[in-house]
Amino acid sequence: MGLAVAQLLASLGAGVVVNGRDGDAAAAAAHTIPGALAHPGSPADAAVADALIDTCVGAFGRIDILVNCAGTAEPAGSSILTVTSEQFRNLIDAHLGTAFETCRAAAPHMVRQGGGAIVNTSSFASLGDYGGTGYPAGKGAVNGLTLAIAAELREHGVRANVVCPGAKTRLSTGSDYEAHIAELNRRGLLDDVSMQGALDAAPPEYVAPTYAYLVSDLAKDVTGQIFIAAGGFIGRFERQTPSIVAYRDHHDDPPWTIDEIAAKVRP
């Protein structure tokens with residue numbers, strides 16, 4: 001997905017720096033984009049993130065766009081019953097760490113130049129429907145981080161949004177993936193429609209335009225939102241707002257008892 005986004009942005013006139021943990025893969029990706037540069041290494045490492053942003057500023061004089069499209073799959077069969085602490089930390093690092101470090105490194109440049117656009121990648125998995133631990137936790141944290149960045153940088157003209165994409169990639173292809181999705185359906189975590197969508201995803205080229213829109217001037221007033229791009233479907237998550245379950249004024253009434261809370265919360 002990251003490559004499809006980079007190729008589309010380049011075709012629209014952007015100068016592109018391609019990052020990847022595997023240096024050969026990053027170089028191969030950049031080779032498909034005229035004028036693109038490759039910068040290898042994991043941007044979850046602060047030094048790599050700083051160098052990545054500096055490479056962009058050095059080559060093009062500024063950084064107007066930051067797209068984080070990073071992720072790694074859960075270990076096979078991973079759940080809270082089996083995942084190790086090290087595996088969990090690695091998953092959080094891959095999803096949340098990369099987004100944080102690159103945003104941290106890019107934001108001051110964008111503020112100084114008076115604007116910029118950030119798009120971070122999350123997932124439907126943040127809802128917990130796909131099981132796992134570090135993947136949904138990391139993606140959920142990306143949502144919260146991005147909303148906070150959007151609120152903090154709005155006054156500086158810097159926008160930040162999230163895309164939850166659905167596309168056929170290395171992470172969503174193969175017999176192991178298909179067996180995983182079928183098992184989630186069997187356990188009731190995925191309904192039949194969601195299962196079919198996961199197994200018959202469109203190619204990444206269907207996702208890339210949503211990223212391109214969000215970093216363009218057409219979206220100059222769009223910030224702090226979480227979008228869905230999956231094949232021909234484009235959606236948007238409504239912002240979470242609390243609904244009142246019960247209320248009493250603490251100046252006049254004692255705390256709720258657990259029985260009172262149970263009576264209010266009970267379906």
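Tutor: Begin with His-95, which has a relative accessibility of 2% and counts as buried. The model is a predicted one, so every label here describes a prediction.

Student: What is His-95 in contact with, beyond its neighbours within four places in sequence?

Tutor: There are three residues in a row, Ala-70, Gly-71 and Thr-72. Then come Gly-134, Tyr-135, Gly-138, Lys-139 and Val-142. Gly-134, Tyr-135, Gly-138, Lys-139 and Val-142 are also among the buried residues of α5.

Student: Which residue of α5 can we treat in the same way?

Tutor: Take Thr-146, which is found in helix α5. At 1% relative accessibility it counts as buried. A polar atom of its side chain lies 2.7 Å from the backbone oxygen of Val-142. Again the limit is 3.5 Å, so this is a polar contact.

Student: Which residues does Thr-146 touch, not counting those up to four places away in sequence?

Tutor: They are Asn-120, Ala-160, Asn-161 and Val-162.

Student: How do you know that the length of α5 agrees with what a helix should span?

Tutor: Helix α5 runs over residues 134-153, which is 20 residues. At 1.5 Å a residue it should span 28 Å. Its end C-alpha atoms are 28 Å apart, so the two values agree.

Student: What covers the buried residues of α5?

Tutor: The cover includes helix α4 and the strands β4, β5 and β6. Among the buried residues are Pro-136, Asn-143, Leu-145, Ile-149, Ala-150 and Leu-153.

Student: Now the sheet. In what order do its strands stand?

Tutor: Five strands form an open sheet in the order β3-β4-β5-β6-β7. The pairing is mixed.

Student: Why are β3 and β7 called edge strands?

Tutor: Each has a single partner strand, so one side of each is left without a neighbour in the sheet. From one strand to the next, the twist averages 20 degrees.

Student: How does helix α4 sit against this sheet?

Tutor: Helix α4, residues 85-113, packs on the sheet and touches β3, β4 and β5. Its direction makes about 175 degrees with that of β3.

Student: What makes β4 and β5 a pair?

Tutor: Two strands pair if there are at least two bridges between them. β4 and β5 have six, in the parallel sense, so they pass. In β5, Ala-160 is the bridge partner of Ile-118.

Student: In which sense do β6 and β7 pair, parallel or antiparallel?

Tutor: They pair in the antiparallel sense, over five bridges. Ile-228 stands opposite Gly-235 in β7. The hairpin of β6 and β7 has two residues between the strands, and Gly-231 takes a positive phi near 60 degrees there.

Student: Is Ala-117 buried or exposed?

Tutor: Buried: its relative accessible area is 2%, under the 20% limit. Ala-117 lies in strand β4. Among the residues it touches are Asp-64, Ile-65, Leu-66 and Met-110.

Student: Last, the whole chain. How many helices and strands are there?

Tutor: There are nine helices and seven strands.

Student: Why is the chain called as compact as a globular protein of its length?

Tutor: Its radius of gyration is 20 Å. For 267 residues the globule rule gives 18 Å. Buried residues make up 39% of the chain.

Note on methods: Residues numbered from 1 in each chain as written. Predicted model: local features only at pLDDT ≥ 70, side-chain atom pairs only at ≥ 80, totals over all residues. Heavy atoms only, no water. Helix = DSSP H or I, 4+ residues; strand = E, 2+ residues; numbered from the N terminus. Axes fitted to C-alpha atoms, helices over the stretch in contact; angles between N-to-C directions. Contact = heavy atoms within 4.5 Å. Expected span 1.5 Å × (residues − 1). Buried < 20%, exposed > 50% of the residue type's maximum accessible area, 1.4 Å probe, protein only. Rg over C-alpha atoms; globule rule 2.2 N^0.38 Å. Polar contact = N/O pair within 3.5 Å; in protein donor to acceptor, adjacent residues only side chain to side chain.
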